[in-house]
Amino acid sequence: VGTKLYHIITIGNSLSAGSDGAPVSGSDTVFDHYATELEPTCYVFTNSSKSIVDVRGGCYRGNGSTAEKIREAQLTGLAAYRAKAGAGTVHGMTPIDGFVDFVTDAKDAFGIAPKFLLSSCGLGGAEIETWKRTPSANIDPSTGVDAAETPWTLRSEFDAMVNAAKTLATAQGWGYEVLCIVYKGGEQDHSDSSFATDLEQVIDEINADIITPASSCYTGQQYYPIWFSSQPGSNGSGAGAGSYNGTYAVNGILALHDSGDLHCACPDYAIIAHSGYTGSAPDYIHMAATGYAIVAAYVWRNLVRKMMNAAAIDPLRIASAVRSGTTITVTYEGGEGNPIAFDTTLISERSGTTKGFRWLVGGVAQSISMSITGNREIQITIPSGVAGDLEYAQYGHLNAATSFTSAEQPRGNVRETVGFSTSIPGIATLYDWAVSEKWSVA
């Protein structure tokens with residue numbers, strides 16, 4: 001363990017690049033915590049052409065063609081990790097920065113400090129299409145494919161980081177592998193009904209290239225990296241009423257969890273809609289430093305289990321929804337197996353829902369009431385004994401308005417009563433909140 005460099009990479013859109021993850025002005029307790037050297041065995045790249053040393057290789061990762069390209073030849077060294085305000089001060093912490101707080105867990109597990117390299121090659125505005133090895137011709141060059149520098153793509157940047165890291169590790173006499181990839185995106189894919197299929201293709205391509213000799217990013221490792229994601233929030237900004245369907249990505253992430261392609265660590269609404277900390281950025285889409293650190297905490301909880309070949313913790317979710325007359329009995333699985341509760345204090349109840357639930361018959365929402373009737377059971381009373389669709393934390397993902405407020409955030413109120421501890425300043429406990437999903441009930 002101590003003689004190998006483990007690479008942890010985040011890819012996706014502006015959230016994977018850490019948009020809004022640095023304080024706009026003054027001090028931020030969480031950001032300031034990560035801006036100090038916490039673990040000397042956690043590294044980021046140094047870039048020979050950039051003065052900033054951060055998780056993005058010092059490059060500006062704003063939308064599309066305004067971004068600076070990550071080039072293998074310029075990633076020439078390693079430096080101790082510290083949170084930084086990125087180039088242009090647009091970016092800060094990312095969904096993997098918080099891993100440095102948990103290296104002590106790995107020390108306890110292995111008896112020696114692993115070496116971690118943290119890297120982001122996310123790009124603002126990037127749709128999942130742009131992460132394919134060969135993006136479709138209809139993708140705008142400004143969002144990931146530079147026609148003037150063919151064959152540069154976002155995959156080229158991922159390959160650059162992997163190949164540079166392998167070269168640097170070899171020079172130190174260390175082994176090397178890509179341990180974990182965190183995909184953070186989906187908000188931009190509101191018109192992509194094939195989102196799950198597209199993301200699965202990206203995962204399959206990267207996995208194959210990592211273990212295949214003579215590929216674009218062969219590492220020599222025998223195993224695929226461990227993939228994680230979280231259910232994205234919505235993206236009202238610029239979408240327009242009637243033109244947006246955020247459920248493609250929300251449901252797609254859960255589908256790929258079920259197929260084993262990735263592990264869904266948490267729903268983002270549990271972060272950006274939470275009243276107990278400043279997890280959300282002002283647009284209620286991106287995250288502040290606290291929010292990104294929380295994503296890392298949810299991911300790490302399962303990554304360390306997978307590193308030790310232990311069973312991962314699945315997201316808290318509906319196990320069954322069975323109707324008998326005008327009563328629907330909903331049971332839960334996943335999480336850490338603790339009793340569930342309704343919590344409208346930490347997360348306010350969204351207007352138009354009951355604790356985040358909606359019951360639709362023929363697409364029309366019906367009035368419902370509910371109560372918790374067991375440790376992990378809810379009974380919902382519906383107006384009439386007919387079939388319909390039961391939604392949880394889905395309202396607001398469909399046809400979002402062009403303006404997006406805190407009140408319009410999709411969210412729900414079901415969580416476990418017992419949480420897990422965290423080292424994030426000011427946040428002693430995190431809970432498993434139920435993921436967004438939709439059930440057809442006969």
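Start by selecting the four strands of the open sheet ordered β12-β11-β15-β19, where the pairing is antiparallel. Strands here (E, at least two residues) and helices (H or I, at least four) are DSSP runs, numbered from the N terminus, and two strands pair if DSSP finds at least two bridges between them. This is a predicted model, in which local features need pLDDT of at least 70 and side-chain atom pairs count only at pLDDT 80 or more, while totals for chains, interfaces and linings use all residues. Residues are numbered from 1 along each chain as its sequence is written, and side-chain values use heavy atoms, with hydrogens and water left out.

Now colour the edge strands, β12 (364–366) and β19 (437–441), each of which pairs on one side only. Neighbouring strands of this sheet are turned by 30° against each other on average, direction ignored. Such angles run from 0 to 180 degrees between N-to-C directions, with axes as lines fitted to C-alpha atoms, for helices over the stretch in contact.

Zoom in on β11 and β12, an antiparallel pair with 3 bridges. Pick V361 and you will find V364 of β12 standing opposite.

Next, step to K355, in the loop between β10 (340–342) and β11 (357–361). Check the backbone there: phi of K355 is near 55°, a positive value in a residue other than glycine. K355 counts as partly exposed because its relative accessible area is 22%; buried means under 20%, exposed over 50%, and partly exposed in between (1.4 Å probe, protein chains only).

For a contrast in setting, select I328 in strand β9 (residues 327–333). Is I328 buried or exposed? With a relative accessible area of 0%, I328 is buried. Show its contacts (heavy atoms within 4.5 Å): leaving out residues up to four places away in sequence, I328 touches A321, V322, R323, W359, I378, Q379, I380 and I382.

Select the 7 strands that form an open sheet in the order β3-β2-β4-β1-β5-β6-β7, with mixed pairing. At its edges sit β3 (75–80) and β7 (263–267), each pairing on one side only. On average, neighbouring strands of this sheet are turned by 30° against each other, direction ignored.

Within this sheet, pick β1 (residues 4–12) and β5 (residues 175–184), parallel strands joined by 9 bridges. Helix α4 (residues 195–211) packs on the sheet and touches β1, β5 and β6 (226–231), and its direction makes about 175° with that of β5. Click K4 too: its bridge partner in β5 is G175.

Follow the chain into the loop between α4 and β6 to reach A214. Here again is a positive phi in a residue other than glycine, near 70°. A214 counts as exposed because its relative accessibility is 81%.

F110 lies in helix α2 (residues 103–110) and is partly exposed, at 32% relative accessibility.
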